[in-house]
Amino acid sequence: MTNADFEKLVDTSDEWITTRTGIKERRIADETIFSSDMAAAACKNALEMAKCSGDEIDVLIVGTVTPDYKLPSTACVVQEKINLPNAVAFDVAAACTGFINGLSIADAYISAGVCKKALVVGVEKLSSFTNYKDRNTCVLFGDAAGAVVVEADDSGSGVQSIFMRSDGKMRPLLWAKTGGAVHPYTSEFTFDGSDKITMNGSDVFKVAVKEMANACKNVMERAGVGPEDISLVVPHQANIRIVEALAKRLKVGMDHVFLNIENYGNTSAASVPLALDQANRKGIIKEGDYIMMVAFGGGLIWGSALVKW
Ligand code: COA
């Protein structure tokens with residue numbers, strides 16, 4: 001969907017969306033494609049790139065807040081679709097940081113000897129969860145999936161440090177209130193948008209810049225590296241102004257920041273692995289590079305992972 005498509009839906013303009021967010025278009029999955037389908041496609045590509053077969057995978061972790069079903073997890077559906085006979089599969093519901101939280105679990109499992117090879121996925125079908133009557137949110141979101149294979153080795157590459165935090169009292173700033181156990185759908189429910197994403201954008205914006213910068217500084221400090229050592233920042237693509245403000249706080253030039261927001265918008269848990277994969281396939285990432293991933297989302301929750309490629 002392009003900005004011109006939204007001009008027909010709500011009171012907005014290409015000029016407003018472009019200058020306020022950096023987004024020009026987003027990918028919308030059709031009615032027959034669900035999170036498990038996009039995740040399965042991303043997993044197949046990741047396995048192929050890693051030259052790894054499905055029976056080698058011990059754990060499949062799917063970060064998503066747009067699952068196929070309430071029960072079971074989307075990860076279990078993906079497991080069946082791509083045939084991972086030796087894996088345990090489960091979801092992580094951590095909104096836009098779902099991939100980083102999933103990566104942290106894979107890293108911890110591998111470090112503890114619980115598993116040797118993990119598939120970590122971020123996927124969202126946010127179009128199923130977006131109120132296309134609300135101009136404050138509908139122009140922001142898109143559908144996508146990204147996946148990585150994480151495996152044990154002793155080369156010193158991989159996750160160097162991870163930082164994660166959340167603050168549940170800020171949950172009304174970004175949530176979908178109706179549809180859970182607290183506010184279940186009833187026969188009287190009439191559409192008021194409360195079962196879709198609602199957000200106080202300007203408040204979220206301020207916390208996002210501050211906490212993503214803190215998270216990045218934390219992982220750099222614990223890994224003993226400075227901003228000059230970071231080859232590439234791969235940030236959650238929520239708003240280009242957030243990313244620019246983050247880069248300024250970190251003293252990292254925008255030429256060291258990967259952006260794809262223009263073409264994909266905010267894809268929540270898929271945002272970081274999608275950007276990481278594009279940067280990698282474009283040959284921007286080289287062996288030995290320090291890559292900083294950072295994300296922020298509904299919870300509120302945020303986190304950063306410093307990875308040596
Ligand atoms: N088109 C035109 N006008 C719009 C609009 C749109 N699509 N969306 C909002 N506006 C209007 C608002 O109604 C408001 O009008 P008002 O002053 O008459 O009330 C005005 O623009 C300013 O709104 P505001 O929310 O202050 O804009 P903003 O500069 O903060 O930008 C966001 C809005 C959502 C783009 C921005 O706040 C943001 O990106 N927030 C963080 C998102 C995020 O990181 N989420 C976490 C991860 S999911």
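Where does Leu-300 lie? Leu-300 is placed in the loop between strand 9 and strand 10 (301–308), where strands (E, at least two residues) and helices (H or I, at least four) are DSSP runs numbered from the N terminus.

## Basis of the model

This is a predicted model, in which local features need pLDDT of at least 70 and side-chain atom pairs count only at pLDDT 80 or more, while totals for chains, interfaces and linings use all residues. Residues are numbered from 1 along each chain as its sequence is written, and side-chain values use heavy atoms, with hydrogens and water left out.

## Cis peptide bonds

The bond that joins Gly-299 to Leu-300 is a cis peptide bond, with omega about -10°. A cis peptide bond also joins Leu-71 and Pro-72, with omega about 0°, and Pro-72 belongs to the loop between strand 1 (59–63) and helix 4 (74–82).

## Residues with positive phi

Asn-83, in the loop between helix 4 and strand 2 (88–92), has a positive phi near 60° although Asn-83 is a residue other than glycine. Asn-83 is exposed, with a relative accessible area of 52%; exposed means over 50%, buried under 20% and partly exposed in between, computed with a 1.4 Å probe and protein chains only.

Lys-251, likewise not a glycine, has a positive phi of about 60° and sits in the loop between helix 8 (240–250) and helix 9 (261–264). Lys-251 is exposed, its relative accessible area being 71%.

Helix 10 is followed by Gly-283, whose phi is positive, near 80°.

Asp-289 lies in the loop between helix 10 (271–281) and strand 9 (290–297). The side chain of Asp-289 reaches the backbone nitrogen of Lys-286 at 2.8 Å. Leaving aside neighbours within four places in sequence, Asp-289 is in contact (heavy atoms within 4.5 Å) with Ser-231, Ile-284, Val-307, Lys-308 and Trp-309.

## Ligand surroundings

The ligand is surrounded by 23 residues, the closest being Thr-12, Arg-20, Arg-135, Asn-239 and Arg-241; a residue counts here if one of its heavy atoms lies within 4 Å of the ligand. An N or O atom in the side chain of Thr-12 is 2.6 Å from a nitrogen atom of the ligand, and a backbone N or O atom of Arg-135 lies 2.9 Å from a ligand nitrogen atom. An oxygen atom of the ligand is 2.7 Å from an N or O atom in the side chain of Asn-239.

Conventions. Polar contact = N/O pair within 3.5 Å; in protein donor to acceptor, adjacent residues only side chain to side chain.
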